[in-house]
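Please look over the model shown here, with attention to how its parts are held together. A short report on its contacts follows.

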Number of protein chains: 2
Amino acid sequence: MPDKINVLLVDDHAVVRAGYKAYLSLSEHIGQIYEAERGETACQLYSRQLPDVVVMDLSMPGLGGLESIRRLLGRHANCKILVFSIHNELVYVTRAIKAGAKGYITKSNAPETLITAVCTIAEGGTYVDPELAQQLAISSAVDQDETAKIKSLSPREFDIFCLLATGVSTREAAENLCLSYKTVGNHGTAIKEKLGVKTLSELALLASRHGIVKNA
Amino acid sequence: MPDKINVLLVDDHAVVRAGYKAYLSLSEHIGQIYEAERGETACQLYSRQLPDVVVMDLSMPGLGGLESIRRLLGRHANCKILVFSIHNELVYVTRAIKAGAKGYITKSNAPETLITAVCTIAEGGTYVDPELAQQLAISSAVDQDETAKIKSLSPREFDIFCLLATGVSTREAAENLCLSYKTVGNHGTAIKEKLGVKTLSELALLASRHGIVKNA
DNA sequence: TCGCAACCGGGAACATTACCCTGGCATTTT
DNA sequence: AAAATGCCAGGGTAATGTTCCCGGTTGCGA
């Protein structure tokens, strides 16, 4: 392990990078700080500078954060990546870890956590936001991602899912399918349960995300 | 105008604040930097410290950014607020300006822009991201249908619209805003009426279309 | 044949929403 | 000054939607 830890910051917002750079510089453990504003350049910079830790944001244009992680690891298998995201949803955590990230923290954490996580990972460890890790452990039975959840719907459920996703009311959907609104309601409940959402609105947004309803 | 500019940072993420604080400290024009993690505390801190400029994030729990701006200005009419948001949608810009903000920049801007904007506003000027300002000018002629309808929402309605659009239930939204669920329900009805949709799901999809909720 | 899972829907309890109406407050009009 | 308008918060009630629990049907594979 190096005396000082060299870090590569990957975030598409220059101001954000500037902020973290300034903050990290205050720590005596941090050495050089490199910056990249997207996955592609991060890859090149990594090859040239071989930093100890990569701190990466998830939401980026071009190849997103996740894909960037995969590419980076494809070329540099022992690259240590810390995801530093605003998202506290478990899906992101599991995907990031699955993609090969060594750690995951959110911007809700105390500032010092960033330093701690970077150090831990530089030493070869892993660091996942304790709160998220706990949630993860609890819901490990349900750790499939959204696509898998959608696939788990029965054929009929999927039909109804598609209809409800367009924003129609339960009653309208029932008329459309010549069913009792109770039936549609019951299916709806089962679908929401399977997909892990609480409201029909969330269901609609999820469907929109997956292109099941076109919403351009 | 003061020799050095004192700044109040309002953002719910401590790391984010730490980053900007560290970055701003590097500038010779910036003096004291205060921090608040939500609208309520921002109000109190402002009264005590009377900073020259308030740098405020928009997305915050409790009273959101927009409502915080209104409260702050309600008590301190000549308070200078710079909105510093991740959102580059025009709706937010117009809302923020209408609420009384003196400037609006996004996190996509170059780091120096933050300093520039803070200085400009401290001197009594205004600063709106040039790109957004241009779009604003162009699109003011082109605002058709849905966009117009969204604009027709009253300030409070827009707040509630944004919340409901994320898929939360009326009850959750009410708790988040510390309102009776009846009130939120009533507003919700009015909003759906104004936007010409029948269900909250449709509302969510509409908001997603307009980038008011991020759903990528 | 048995077990199982998908499917349809009834009934009751509960939650949410629609609709109407009051009241406060601020702005604008007369 | 007085009246009118518009926004905001919320109570009451009726309609509507949702959940949970249940029984029934069908089809399929062991």
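Across the interface of chain B and chain A, eight residue pairs are in polar contact, both residues being at pLDDT 80 or more; a polar contact here is a pair of N or O atoms within 3.5 Å, where within protein one must be able to donate a hydrogen and the other to accept it, and where residues adjacent in sequence count only if both atoms are side-chain atoms. On the side of chain B that touches chain A, the elements giving two or more residues are α1 (14–25), α5 (111–122) and α11 (200–209) of chain B, and α1(B) gives the most, with eight residues. Helices (H or I, at least four residues) and strands (E, at least two) are DSSP runs, numbered from the N terminus.

This is a predicted model, in which local features need pLDDT of at least 70 and side-chain atom pairs count only at pLDDT 80 or more, while totals for chains, interfaces and linings use all residues. Residues are numbered from 1 along each chain as its sequence is written, chains are lettered from A and ligands numbered from 1 in the order in which they are written, and side-chain values use heavy atoms, with hydrogens and water left out.

The contact (heavy atoms within 4.5 Å) takes 37 residues from chain B and 37 residues from chain A. Between them the two chains bury about 2700 Å², with 67% of it on carbon and sulfur atoms; buried area is the accessible area (1.4 Å probe) that two parts lose on being put together, summed over both.

Two salt bridges are counted between chain B and chain A, a salt bridge being a side-chain nitrogen of Lys or Arg within 4 Å of a carboxyl oxygen of Asp or Glu. Over all chains, the whole structure has twelve salt bridges, including those in the table.

| Salt bridge | Closest N to O distance |
|---|---|
| Lys198(B) and Glu172(A) | 3.7 Å |

Lys194(A) is partly exposed, with a relative accessible area of 32%, whereas Glu157(A) is buried, at 8%; buried means under 20% relative accessible area, exposed over 50% and partly exposed in between (1.4 Å probe, protein chains only).
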